[in-house]
Amino acid sequence: MYLSKSIYVRVWSCPKGAWISKYYPEAVPQDEGKMNRFRTGDEVGDLARGLFGPSVNVTAYMEDGKLDLPRMIRNTEEEMARGTEVICEAAFSYEGLYCAVDLLRKEKGGWAIYEVKSSSDGLQDKYIADVSYQKYVLEHCGVKVTGVYLVCIDTDYVLGPEGLDVRSFFRINDLGEQAAAEQATVPGVLETAERVLSSEEEPQTELSEECKGCELFPWCGRHLPSPSVFDLYRLQKKKMIEYYRQGLVSYADLDKAGVIRNATQKRQMDYFLNDLGTYTEPEKIRKFLGQLTYPLYFLDFETMMPAVPFCVGTHPFAQIPFQYSLHYIEHEGWELKHREFLAESGTDPRRAIAEALCRDIPADVCVTAYNKRFECGRIHELAEIFPDLADHLLAIEGNIVDLLEPFQKGWYYNTEPTNLTYI
Ligand code: SF4
């Protein structure tokens, strides 16, 4: 068996997930968000290479672009023998177990493992499993491991005008004790990996609370009726599993058992089971619409959350608005017009977007946004950064009406097309 650290962590977290990734990789979603996370991981990983001064990267590729593992292992042996202080992607293999250490750092009497994550939380159990596996492989390769660390992003860091300070940007967590304590569990996970991954038979795993947020839920829940207890609006995960285990899976099961008491959830079931179409509360909707006045503006922001800040004064993962779409109607019945803003790539977009908002939206008009907390939050931040525009920006913020409200409060609901139009 060949096992990398990512497969090990997958097995540790859910053996069935690892099995699906091996036998049905097409079931694993590859969306843009995931690709972005990979790109961010690469960017942060590259940055961390400078954390302890000069380093040697032993990554090697074959002609087809795949990693050349044997060459990486040889390169690592050579660099270790040479006494290189920091080796990036230091590669090791022991009886089919393989790992590449993000940063292997020479210490007095041995070597320290540094695993780099583009995350702000360095104490996640899966990270401990990850470094524990690395320690296990290295020690079985005869390396004396004198330290195990996790390098993650310090979200308190603020980018100064002098540029990025790599040492302050990262936070180093000592996971030595946790990795030592976990060593005893590694053989058990390896055994599970061997048993599950060598069989073409899909593991029979009961759905659990963790499943609801898992990207493989559509696969593992393919036997469920649609809709099912897992689709009920804001039903706690614990309750979903409890009902599921009791055999209350479809809306008909739940309705018959009479266990759902929440009015919104009951309506969701009722409208589906009786094919009732659209539910409305006209009085409440009328009152909501009554607060809208012309000229009427419809605002929608796009933001980015760079892990590595590039705007002075911002933290890692700060929401930076860089684009908006603005529709507006000047008088009732008039045509819908449109304005937009898109920042120039590679620049700090905040001043330009703040000025554009003040130019495009008068301070005394009604503005709508869907889930206004988001738009209001960004406009408020811009007002704090640019005091000369603050009055105008705060006036826009104060004039925003939230289009989410009628849906969130259940004043409008229809079962088409997904049976899940509640937000
Ligand atoms: S949905 Fe559940 S069983 Fe399936 S892979 Fe995810 S966590 Fe594992």
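Select helix α1 (residues 5-13) and α2 (15-23) in this predicted model; helices are DSSP runs of H or I with at least four residues, numbered from the N terminus. Their axes come within 5 Å and cross at roughly 135°, where axes are lines fitted to C-alpha atoms over the stretch in contact and angles run from 0 to 180 degrees between N-to-C directions.

Ile7, Arg10, Val11 and Ser13 of α1 meet Pro15, Gly17, Ala18 and Ser21 of α2; contact means C-beta atoms, placed from the backbone, within 7 Å.

Residues are numbered from 1 along each chain as its sequence is written. Local features need pLDDT of at least 70 and side-chain atom pairs pLDDT 80 or more, while totals for chains, interfaces and linings use all residues.

Now select the ligand. Around the ligand are Cys14, Lys16, Gly17, Thr205, Glu210, Cys211, Cys214, Leu216, Phe217 and Cys220, each with its C-beta atom, placed from the backbone, within 6 Å.

Finally, colour by domain: domain 1 (5-197), domain 2 (224-276) and domain 3 (286-405), with bounds from an automatic or database domain assignment. The C-alpha centres of domain 1 and domain 3 lie 41 Å apart. Their contact takes 14 residues from domain 1 and ten from domain 3. On the domain 1 side, helix α3 (residues 32-48) gives the largest share, four residues.

Terms used
Helix = DSSP H or I, 4+ residues; strand = E, 2+ residues; numbered from the N terminus. Contact = placed C-beta atoms within 7 Å.
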